[in-house]
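Please look over the sequence and the structure first.

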Amino acid sequence: MQLRIPGPTPCPPQVLKAVGSQMIDHRGDKFAQIIRDVTEKLKKLFQTKNDIFILTGSGTGGMEAAVINTLSPGDKVLALSCGFFGDRFAEIPECYGAEVKRLNFEWGKPVDPDAVRKALKEDASIKAVLVTHNETSTGITNDLKTISAIAKEYDKLVLVDAISSLGSIELPVDEWQCDVVVTASQKGWMVPPGLAMVSVSEKAWQAHAKAKMPRYYWDFTKAKSYLERGQTPWTPCVSTFFGLTVALDMLLAEGLNSVIARHARIANFTRQGVKSLGLSLFPEERYASNTVTAVKAPEKLTVSKFLQVLRNEYQVELSGGQGNLSGKIFRIGHLGWVQEKDMKEVLKAISKALPKASA
Ligand SMILES: *Cc1c(COP(=O)(O)O)cnc(C)c1O
């Protein structure tokens, strides 16, 4: 099966083998060695000297952790959204009593940095900017470098959902001054679901010291004090840690720049292949993501049927659209353990399935 959805992604056999290892004591020396090793390696791939915590939960748990560890009820936040996951990021602080100012952009278009500057200029009381680096629902990568720089001109806290970009698309956390950056194991990291990885800057720690949103499981203070002992506050997803150890070694052996270049190359190959089949990309190509390609469904195509034919007849698993994009687009995930040959197979299957699912 070619599992080409934007997460969970396929795992290399070495990773699967590690994931199947016998359990160990999560309060023992062996686990302490693993968590220290993995945390240091993640710092290289996040390109940061900030603290990194590996939380047991999915990416959304990491997004919630970012919010509740740095904000208080009543705080004003600017939530930038150009899709399904941007909307989710806005909902979390709303749920915890923040005053959320939503800056929405049409799905299929990126966040406009000028609109961000205008919003920050107009309202000095905004404390934090929430941004999705790679909007998986529409296949767009936002200009995080510029957006973060603007937020910093106004001295705002920058919270980033980099769940489907970090480790696959360039994001130097320190250079771009991102305060809390979240990713998750089942995306570009080539391991099963179960872990959210978050980096926490000095500015984020200062905000944390004053932040009053209720928190228990996700508390960064607890995470930090346990990490000093080589532990996590609660029982971690031990198997995914085993997998992550192997996957990070693979990524570091390939080299971060090569990994990023491979994603760019494969994404470009995919986009050109899709276009050569007569299909159109959903976003404008210059904003198109290097981890997920969103394709407009032609008028006559029934997307649900198309995905079913791909799955049942060609062993290719792709994703449909989320929310109001359901039935209007389909998405190809190309992140993590992926090579050109995989996309060749996917494109060939698409070309055969299209006529079978078109009226
Ligand atoms: C996958 C994804 C999420 C959600 O992560 P879960 O692990 O399903 O909670 C959030 N944001 C983006 C951009 C994603 O791609």
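Are Phe 53 and Trp 205 buried or exposed? Both Phe 53 and Trp 205 are buried, where buried stands for under 20% relative accessible area, exposed for over 50% and partly exposed for values in between (1.4 Å probe, protein chains only).

The model is predicted, so local features need pLDDT of at least 70 and side-chain atom pairs count only at pLDDT 80 or more, while totals for chains, interfaces and linings use all residues. Residues are numbered from 1 along each chain as its sequence is written, and side-chain values use heavy atoms, with hydrogens and water left out.

**Helix α10**

Helices (H or I, at least four residues) and strands (E, at least two) are DSSP runs, numbered from the N terminus. Helix α10 covers residues 256–276, 21 residues in total. From first C-alpha to last, α10 reaches 30 Å, close to the 30 Å expected at 1.5 Å a residue; the expected span is 1.5 Å times one less than the number of residues.

Among the buried residues of α10 are Leu 256, Ile 260, His 263, Ala 267 and Val 274. Seen down the axis of α10, the buried residues fall within an arc of 165 degrees, so they line one face of the helix; the arc is that of the directions from the helix axis to the C-beta atoms. The face turned away from this buried side carries the exposed residues Asn 257 and Ser 276.

The buried residues of α10 pack against several elements, including α2 (29–46), α9 (238–254) and β11 (292–296); contact means heavy atoms within 4.5 Å. Just after α10, Gly 278 takes a positive phi of about 85 degrees.

**Aromatic rings**

Rings of Phe, Tyr and Trp (its six-membered ring) pair if their centres lie within 6.5 Å; planes under 30 degrees apart count as stacked, over 60 as edge-to-face and the rest as tilted.

Phe 46 is in helix α2 and Trp 189 in the loop between β9 (180–184) and β10 (195–200), 143 residues apart. Phe 53 lies in strand β2 (residues 51–56) and Trp 205 in helix α7 (residues 202–210), so this pair ties together parts 152 residues apart in sequence. Ring pairs also link Tyr 216, Tyr 217, Trp 218 and Trp 234 into a cluster.
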